[in-house]
Amino acid sequence: HPSLKREYTFDNFIIGENNAFAANAAMAIAKNPGTGYNPCLVYGGVGLGKTHLLQSIGNSVYQDFGDSKIIYVTMENFTNEFIQAIREKKQHMFKNKYRHADVLLIDDIHFLQKKPETQEELFHTFNALYDSNKQMVFTCDRPVSELKEITDRLRSRFERGLNVDLQPPSYETRYAILKKKIEAAGVQIPEESINLICENVTTNVRDLEAALTKLIAYAELVNKSITVEITKQQLKDFFSSPIQKNITIAVIQRNVAEYFGVSVQELKSKRKTKTIAFPRQVAMYIARDITEYSTTEVGLEFGGRDHTTVMHACDRIKERMKSDPYLVGQIDSLKKAIRE
Ligand code: ADP
Ligand code: MG
């Protein structure tokens, strides 16, 4: 299928407890599109396998029901196509294409935020397909309830059917994924190196792959076999998150505020409502985690708060992260966005 990556198949997707619910839902949908879990929405942080699963559905349906019309599109491309259709006065063609899909797979719907006209168009597309029992699957980087900038009626459409989440992989799943990728690459890597990578690269599968890719490339290009020493030396950036000096607290505040749909002023304000206090704690935690500012300096940037308030906020977030893998993922995505 022209818009799907061949490698994104269920066979290549390692199932662990972190993704079993989502993976099994995706496989059930691929077997009987349009009949059961419709729509389905898969959410989770960056690099956890949303695109892989979504395209696996497409590849599987394409294989089993070759004549169905499968459309895979990112929300961003859908939006761009829609804008272009308006510009070229070809809306009817656009509508015709999407409203006649048998299986519509839309990746990264969080991109819809603050795009009212595209939301409107998707709303009508949704209704047309829903009424004719055509399968829709969406992915999103957070639960739909946390998409602040989409209309309620569209949110309620996404919340229909089945919403499943992807969590960061456990040690065992990371190990299984690495083993599979090493086998596929046909390289020799000592067991201790594999353990090192699994222990240290905990964020998501994309980082795990990136670490492995770098190691394999190094061994190939300098023509050495992979040892534990080489692993440590080549992957030191993956193993410790280096403190970046150029990140300001203002940048962190902007990113966190935007993510949670509050304003920077509110983050700095004295307000204690949960919707503001929580993002504020997250911002403080990230500031302490990825910059070298002291708790006193961080406090000053948050409306002149005391350093003990900052310490308390960091403790609260750390505590919550222990039992809330979703928050771990959120903070990870935020850190990535900030570093970029
Ligand atoms: P997302 O869309 O959630 O950001 P991707 O689907 O792009 O994540 O996944 C990132 C990379 O990790 C891809 O190369 C994908 O194939 C791989 N990947 C993710 N989850 C798994 C898994 N459970 N088993 C094997 N590979 C995975
Ligand atoms: Mg993706």
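Lys114 sits in the loop between strand S3 and helix H5; helices (H or I, at least four residues) and strands (E, at least two) are DSSP runs, numbered from the N terminus. Lys114 has a positive phi of about 65° although it is not a glycine. This is a predicted model, where local features need pLDDT of at least 70, side-chain atom pairs count only at pLDDT 80 or more, and totals for chains, interfaces and linings use all residues. Residues are numbered from 1 along each chain as its sequence is written, while chains are lettered from A and ligands numbered from 1 in the order in which they are written.

- Most residues other than glycine have a negative phi, and most peptide bonds are trans.
- Lys114 counts as exposed because it has 10 other C-beta atoms within 10 Å. (A residue is buried if 20 or more other C-beta atoms lie within 10 Å of its own, exposed if 12 or fewer, and partly exposed in between; C-beta atoms are placed from the backbone.)
- Asp108 also has a positive phi of about 65° without being a glycine, and you'll find Asp108 in the loop between strand S3 (103-107) and helix H5 (116-131).
- Asp108 is partly exposed, since 19 C-beta neighbours lie inside 10 Å.
- The peptide bond from Asn38 to Pro39 is cis, with omega near -5°, and Pro39 belongs to the loop between helix H1 (20-31) and S1.

**Around ligand 1**

- Of the 15 residues around ligand 1, Gly49, Lys50, Thr51, His52 and Val205 come nearest; "near" here means that the C-beta atom, placed from the backbone, lies within 6 Å.
- Helix H2 (50-64) and helix H9 (205-221) each give at least two residues to this shell.
- Six shell residues are nonpolar, six polar and three charged. (Ala, Val, Leu, Ile, Met, Phe, Trp, Tyr, Cys and Pro count as nonpolar, Asp, Glu, Lys and Arg as charged, and the others, Gly among them, as polar.)
- UniProt, in an unreviewed entry, lists Gly47, Gly49, Lys50 and Thr51 under "binding site"; its positions are given in the numbering used here, feature names are shortened, and annotations may be inferred rather than shown by experiment.
- Gly47 lies in the loop between strand S1 (40-43) and H2, and is buried because 23 other C-beta atoms lie within 10 Å.
- Leaving out residues up to four places away in sequence, Gly47 touches Asn204, Val205, Arg206 and Asp207; contact means C-beta atoms, placed from the backbone, within 7 Å.
- Thr51 is in helix H2 and, beyond its neighbours within four places in sequence, contacts Asp107 and Thr139.

**Domains**

- The protein chain splits into domain 1 (20-165), domain 2 (171-239) and domain 3 (249-339), with bounds from an automatic or database domain assignment.
- Domain 1 and domain 2 each supply at least three residues to the shell around ligand 1.
- Nine residues of domain 1 are in contact with seven residues of domain 3. On the domain 1 side, two of these are nonpolar, two polar and five charged.
- The unreviewed UniProt entry puts "domain: Chromosomal replication initiator DnaA C-terminal" at residues 248-317, a stretch that is 74% helix and 0% strand.

**Helix H14**

- Buried residues of H14 include Pro279, Val282 and Ile286.
- Among the elements covering the buried residues of H14 are helix H12 (249-260) and helix H16 (307-323).

Conventions:
Contact = placed C-beta atoms within 7 Å.
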